[in-house]
Amino acid sequence: MIQRDGASQAIVTVQVRDVAGKPAANQRFLLQASGPNGMVVSATEITTDGNGQASILITAPPSSSVGDLISVALTPVDGNGIAVQASRTLGIGLTPLNGTV
């Protein structure tokens with residue numbers, strides 16, 4: 001969860017492994033984010049590094065925004081941008097600015 005203040009941020013790191021359990025380098029993902037107006041996701045595409053990891057930065061929407069969840073769908077794609085597996089979705093909850101519900 002991150003605070004709905006237009007400034008709080010969350011770093012989301014994905015760890016990708018192949019069928020043998022080894023880190024999967026150079027796996028490309030397309031990202032599609034949805035949530036309250038004013039939220040910012042740092043990338044629409046990421047590629048895993050040599051350790052099979054890739055990260056994005058999510059910035060919370062302003063306190064005036066409506067909605068309590070940011071959803072980010074990650075779709076693994078090949079070099080042509082064609083999906084090679086089903087998307088996975090992660091959610092980040094938002095807390096009110098003053099911390100009350």
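In which sense do strand 2 and strand 6 pair, and over how many bridges? The views below concern a predicted model, in which local features need pLDDT of at least 70, side-chain atom pairs count only at pLDDT 80 or more, and totals for chains, interfaces and linings use all residues. Residues are numbered from 1 along each chain as its sequence is written, and side-chain values use heavy atoms, with hydrogens and water left out.

**View A. Pairing of strand 6 with strand 2 and strand 4.** Strand 2 (9–15) and strand 6 (53–59) pair in the antiparallel sense over 7 bridges. Gln15 stands opposite Gln53 of strand 6. Strand 4 (residues 40–41) also pairs with strand 6 in the antiparallel sense, over 2 bridges, and Val41 has Ile58 of strand 6 as its bridge partner. Strands are DSSP runs (E, at least two residues) numbered from the N terminus; two strands pair if DSSP finds at least two bridges between them.

**View B. The salt bridge of Asp68 and Arg4.** The structure holds 2 salt bridges (a side-chain nitrogen of Lys or Arg within 4 Å of a carboxyl oxygen of Asp or Glu). In one of them, the side chains of Asp68 and Arg4 meet at 2.8 Å, N to O. Asp68 belongs to the loop between strand 6 and strand 7, and Arg4 to the loop between strand 1 (2–3) and strand 2, so the pair ties together parts that are 64 residues apart in sequence.

**View C. The salt bridge of Arg28 and Glu45.** The closest N and O atoms of Arg28 and Glu45 are 2.9 Å apart. Arg28 lies in strand 3 (residues 28–34) and Glu45 in strand 5 (residues 45–47), so this contact links parts 17 residues apart in sequence.

**View D. The largest pocket and its lining.** The largest pocket has a volume of about 240 Å³. A pocket is an open set of points on a 1 Å grid over the protein atoms alone where a 1.4 Å probe fits, with protein on both sides within 12 Å along at least five of seven lines; lining residues have an atom within 4 Å of a point. Of the 15 lining residues, Val16, Gln27, Phe29, Pro76 and Gln85 lie nearest the centre. Strand 2 and strand 7 (69–77) each supply at least two residues of the lining.

Conventions: Points joined across faces, edges and corners; volume = space filled by probe spheres on them. Helix = DSSP H or I, 4+ residues; strand = E, 2+ residues; numbered from the N terminus.
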